[in-house]
Amino acid sequence: MWVLPLVGYAGVLFGFGFLTLAIASGLYYLSELVEEHTVFAKKLLSRLIYSIIGLQVLLAVVDAFPISLSFLSIGSHIIYAGNLRHFPIVKLTDPVFLLSCVLVILNHFLWFRHFSTPPVPSPSRNTFANRYDYNDIPSFTEIASFFGICIWLVPFAMFVSLSAGENVLPSMGSEYATGDSVRSSGPTDSPGVNKDRPGKRSAKGLVKAVIDGAVIWIGESGEALGLRRGDKRRF
């Protein structure tokens, strides 16, 4: 068969493309929800962090997870909570934000190495103990769930929720993001300004900034390659 394998490859490519668009659309929608309900989102993130810290303690005490790695994960979530000080605004050069990014990668690497090399039962143990140890090795579903909830959930939620400081105009609520303070006396018609609350600009989430930037880059690349015509109304 020659044609059917090609159809299979095309189906995989289309499926991957549609899945990517679906994920991007969902993240975009979540980012807009957070912009509209920042107070609730901050409370939810705080409780989520405390819940995962409690879960890490239970895993260390009950399931005998490594103490050092458990302390690292608990400390990492405490650092993540530091990003909520000026929620939803974050400085991309803030040491707490940069340290959080490093801790996400470090946690993933160390826990992945831990689960990829499970302890080998001692030969001196009896047959029943060896059987118990082998059966007690976590399954792929359990490991994936641990990574999804205890390692990736909070960083992913913050990536969706936080807004880059470069996307916020100076106002009474954005001195942290810009480093300046601006007096605002009335409404403004500047692009991106929230007209319902004069003098303030609705923060743009990191996810929206990334997706918008990708869309603009794809459009400009298409124009450069001659795949699409530029908008003549732009000036």
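Predicted model: local features only at pLDDT ≥ 70, side-chain atom pairs only at ≥ 80, totals over all residues.

Biologist: Okay, is isoleucine 53 buried or exposed?

Modeller: Isoleucine 53 counts as buried because its relative accessible area is 18%, given that buried means under 20%, exposed over 50% and partly exposed in between, with a 1.4 Å probe and protein chains only.

Biologist: And what does isoleucine 53 touch?

Modeller: Leaving aside residues up to four places away in sequence, isoleucine 53 touches Ile74, His77 and Ile78, a contact being heavy atoms within 4.5 Å. The C-alpha atom of isoleucine 53 is also separated by 8.4 Å from that of cysteine 150, although the two residues are 97 apart along the chain.

Biologist: Let's zoom out. How many helices and strands does the chain have?

Modeller: The chain has eight helices and two strands, and from the N terminus on the elements run α-α-α-β-α-α-α-β-α-α. Of its 235 residues, 28% count as buried.

Biologist: Which residues have the most contacts inside the largest nonpolar core?

Modeller: They are Ile49, Phe87, Trp111, Phe115, Phe146, Phe147 and Met158, in a core of 28 residues. At least two core residues come from each of α2 (38-62), α3 (67-82), α4 (95-116) and α6 (140-161), and the largest share, eight residues, is supplied by α6. By nonpolar core I mean a set of buried Ala, Val, Leu, Ile, Met, Phe, Trp, Tyr and Cys residues joined through side-chain atoms within 4.5 Å.

Biologist: What does methionine 158 touch?

Modeller: Again without counting residues up to four places away in sequence, methionine 158 touches Leu45, Ile49, Tyr80, Ala81, Asn83 and Leu84.

Biologist: At what angle do the axes of α2 and α6 cross?

Modeller: They cross at roughly 165° and come within 11 Å, which makes α2 roughly antiparallel to α6. The axes are lines fitted to C-alpha atoms, for helices over the stretch in contact, and angles run from 0 to 180 degrees between N-to-C directions; under 35 degrees counts as roughly parallel, over 145 as roughly antiparallel, 65 to 115 as roughly perpendicular and the rest as oblique.

Biologist: Which residues of α2 and α6 meet there?

Modeller: On the α2 side they are Leu45, Leu48, Ile49, Ile52, Leu55, Gln56 and Leu59, which meet Phe146, Ile149, Cys150, Leu153, Val154, Ala157, Met158 and Ser161 of α6.

Biologist: And how does α3 lie against α6, parallel or antiparallel?

Modeller: The axes of α3 and α6 come within 11 Å and cross at roughly 10°, so these two helices are roughly parallel. Ser73, His77, Tyr80 and Ala81 of α3 make the contact with Cys150, Ile151, Val154, Pro155 and Met158 of α6.

Biologist: What about α1 and α6, how do their axes cross?

Modeller: Helix α1 (residues 3-36) and α6 have axes that come within 8 Å and cross at roughly 70°, and they are therefore roughly perpendicular to each other. Here Leu27, Leu30, Ser31 and Val34 of α1 contact Phe156, Val160 and Ser161 of α6.

Biologist: Last topic, the loop between α2 and α3: where does alanine 64 belong?

Modeller: Alanine 64 is in that loop, and because its relative accessibility is 62% it counts as exposed. Its phi is near 55°, a positive value in a residue other than glycine.

Notes. Residues numbered from 1 in each chain as written. Heavy atoms only, no water. Helix = DSSP H or I, 4+ residues; strand = E, 2+ residues; numbered from the N terminus.
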